[in-house]
Amino acid sequence: MSSNFSSFIPTLILLTLFSCSNKEKNTNLFTLLNSKYTGVDFINHLPINVMTDDNVLSSQYYYNGGGVAIGDVNNDGLQDLYLTANKSSNKLFLNLGNLRFKDVTLQSGVGSIRFSTGATFVDVNNDGFLDLYVCNSGVKSTQIKDRANQFYINQKDGTFKELAREYRVNDPNFSTHAAFFDYDKDGDLDLYILNYSIDFRVDITKRDYTDNDLKQYSGRMLENLGSKFKDVTKESGLLHYGYGLGVSVSDINNDNWPDLYVANDFTIPDKIFINNGDKTFSDKIKSFTNQTSWFSMGVDIADFNNDGFVDIGLLDMASQDHVRGKIFMASMDPNNFYYLVNELGYQHQYMFNSLQLNNGNNTFSNIANLSGVAKTDWSWAPLFADFNNDGFKDYFVSNGYRRVFGDNDFQIKLNKYKKLNKLNQTNREILYNEIPELKLPNKLYINNKNLKFEDLGEMEGLTQGSFSNGAAYCDLDNDGDLDLVVNNIDQETFIYRNNTEQFSSSQFLKVNLSGDISSDYYNAKVTLFYNDKIQFQEYSPSRGFMSSVEHSLHFGFSKNVELLDSLVVNWIDGTRSVVKNIACNQVLSVSKSQNLPLQTSIPKNTIYTTLPAESYGINFIHSENEYNDFAKENLLPHKQSCLGAFASVGDINGDNLEDIFLGGASNQESKIYIQNKFGKFNELKTNVFNQDKSCEDMGSLFFDYDGDNDLDLYVVSGGGGEFDKDSDYLQDRLYINKGGGNFIKSKNVLPSMITSGQKVKAEDIDNDGDLDLFVGGRTLPGLYPYSPRSFLLINNDGVYEDLTENWNPKLTHLGMVTDFLFCDIDSDGKKDLIIVGEWENIKVFHNTGSAFIEASDQYDFSELSGWWYSIETGDFNNDNKLDFLVGNIGENSKFKASNKEPFHIFTNDFDNSGDQDIVLSYYYNGELVPSRGRECSSGDMPFITEKCKTYKDFAESSLEDVYGTEKLESANHLTANTFSSIVILSTQNGYTYNKLNVEAQFSPINKFIVEDFNKDGNLDFIIGGNMYHTEVETARYDAGTGRYFLGDGNGSFNSLSVGKSGIYIDNDVKDINPIIINNKKTYLVTNNNSAPQMIIKNR
């Protein structure tokens, strides 16, 4: 593997092409090759014995399968294959060229029979030949000596010698995989061994593990001392209880020290072990991510969107198919979930795949639902690679499970047999044969280059059902594209030939890194620059699940790339190499033997800086009262009691400095902060808000209600099921400014308005010279999604009258109003009303001067129904007409909606219990089916278990089958046909609408701020959002980080990253308000259950 070069200019090795004699033109990306042609007839066959531990009921990881290791063991330029087996011999296949292989297991000496799992090739002794590390595991009864991992040292003559004991790497625990990397950067490769506990019934409250206990369950960190390795697991901070199924090494935080991602199954959260540079690691999973997968399997780390930052792909077991999902998936226990999060301090974990997008600031956003990869069934190996050579990494997922022992119906039957003590051999065998199989094709997601993937596996040749586990990519035939090798249970290994070279639309570059010693190039970072684009990869062969890939880096390009500008290698020791003017379609070898010092990057100033508001003297923290909405409304999709916090800004004391009102949650006193001449804030000492602290403060408004030239304060009262729907605490409040910011609570000014609201806005709608108000009803406490009361309040000589019915009775019950605008949409000089809400269409009411006439049907955009949370106006296409931004829940949700197949909600007393029940529904094979599962649905409506005796019955039932036509027809029924946030643009013929940029679809948008921020004559906008309080089977909406969008004047926008904008607001953002501080425009961000923040401009 090591090479010496006489000059800095790397040697260019032209690609040798091998043509397969039986290769035919193929329009599919992949072709499965016959083992009779390839010579690879390997089968990981697992025999079953129900009376021993050799079955999945006794050993839950019995069907985790084997791995694939790729490497050129004889240095002939062809990639060889090593395949691991669980109950038979592992095998080494030598690549003969032309995609033909020879089994050389016996003569090479690498074929012992153990319960082998992961494998990886590495040149540990720096002799230029790849050695082989093999992980072993087993069942409970497996002897320790038979579990010991093996290390085969290449003897350079076609044979290997097993020396794990001599190197002291013969770990006897239950190992899944291993990864070599130079963790201390001392010039040799160290070893991390991924292990797992076999105690699958561990008490999650148990915390008193001794070090000896943990050594049985923890991964191992072994430091290379030259001729042997030393266990430094505890000293390095890596000793932990776990069910390790995936490991990947990468410089996650971009500090030039290799870090570890450990994927854990079951309740134990994943770990992001950040290398501290002093031989220790710190787990940063909670600060780097907002959520992870629950049953994490394999993991891969790569830059899939070509921004130069590594992203993370993780797999779980969520099914794409409705029926399989309802039968196989376990229900999430809310008590267990909150215990893990709140008591043990674990990260939020959900039963879906994760796709962690790197935000560029040591944080990640999970966008798996948006990207289309959240559900891939029972999946194992994720692999990012450019399979079609278009310049963007695609996503391969291995799939299938030999026996789905978690099948809910099977578990019920098994437990009955256990209780009756009838588990004799005959019944065991009968039961075992009833465990369903999950034989599915593997997945190939093609990168659409917009943060989304398209599932094209079957179209591209991955049509074979299988029980696949480990997988690896490599260019087996040296034709410039990546082939696939997949290890299967009870089925021959798949070798998929990549047919990309037959197409004329792509090119490639293969990069071989070398150095005097192996550690020179491990975790080296390679960046390619061309046509104002970049591609980035990091050298780290252990990837996916139990597998390791080719020891080269593969890049693809479209045909129009004539020459690559440059390639930069940043070596792990802090030096770099640069190659310029590179032709495509070749193998490029780059040696570390001559290099340059690492170029110090000069931090670029961002446009804005995001700071805690505390730095301005604002020590307020919004603090939610504890209330479990789901105890009363079991099937609620998200809480209604956590919809604040909001703020208002205005000069309340006449000193020409803007002050702040911050609304509190129920049982929290709201606060006013007064700005001083130094740009800091002091709390206003007043007791006026203390008397109303039982109220849940929502939207508020500083306005001059009484025309005395100072600002008064209106505060909307809201809240969810913690309030009775007739509670006095739902009454809104008006605080009158008696001068200098001295507020008193008004009496007899507001009518009785017992409603849970959210927003209030003022406008002189009747043109009489004073300010009238509209207050949108947000939710009916305890009765989601029924419409609460909204109010149009007309100012009549200082007293507000409820004249809603007079202006239009439809305004009284508009649905769950989240936001609205007063604006002159019909250009008649009077302010009209545009209203958005959850489960609502966009509604337009024209102002006639004495009435609001609904005119929604005059606007095409009114056909859009969604979970709308915000609306703002501006002229975004510079035609001197109003356009609109409308914030929805976004596309990063497990729920989907379209015109063809809307998302539905039905509410009725389905079980005749006297309470309203919530039923969410989507389409499956053309008919409506229940969204929620049998267990949680029957917990609210017990008749379901009688009607649907089994989970299979429930899964195969339509919505009508379960709930009945009569109940559904009489139900309160609402739909949503889009979840995308949009821009509505004026045209000569009315309005058109488009989806906003994909970055605006990460999470709900709760607030837009519209301005021409860069003073180029075009309106731009900033967003804030998220929603943390979903029910536990729905991943919370936390991928939003705020975003800055630059308008082009034609109604389109360019998104700026965090690294460029400096805007990073990743909390549960509910409101953003502009405020002038020290004569500089600043933005106050208020967050639910958290402290506020400030966004300030740097230039």
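The following legends describe close-up views of a predicted model.

Local features require pLDDT of at least 70 and side-chain atom pairs count only at pLDDT 80 or more, while totals for chains, interfaces and linings use all residues. Residues are numbered from 1 along each chain as its sequence is written, and side-chain values use heavy atoms, with hydrogens and water left out.

**View 1. Domains 2 and 3.** The domain assignment, an automatic or database one, gives domain 1 (30-402 + 437-514), domain 2 (608-899 + 977-1097) and domain 3 (903-973). The C-alpha centres of domain 2 and domain 3 lie 34 Å apart.

View 2. Leu635, Tyr786 and Trp839 supply 45% of the area that domain 2 buries against domain 3, more than any other three residues.

**View 3. Salt bridges.** The rule finds 2 salt bridges across the interface of domain 2 and domain 3 (a side-chain nitrogen of Lys or Arg within 4 Å of a carboxyl oxygen of Asp or Glu). Elsewhere in the listing of such pairs, Arg932 and Glu1033 form a salt bridge through their side chains, at 3.9 Å from N to O.

**View 4. Cysteines.** The structure holds 0 disulfides (cysteine sulfur atoms within 2.5 Å). The sulfur of Cys936 is too far for a bond, because the closest cysteine sulfur, in Cys948, is 13 Å away. Cys936 counts as buried at 12% relative accessibility (buried: under 20% relative accessible area, 1.4 Å probe, protein chains only).

Methods
Buried area = accessible area lost by both parts, 1.4 Å probe. Buried < 20%, exposed > 50% of the residue type's maximum accessible area, 1.4 Å probe, protein only.
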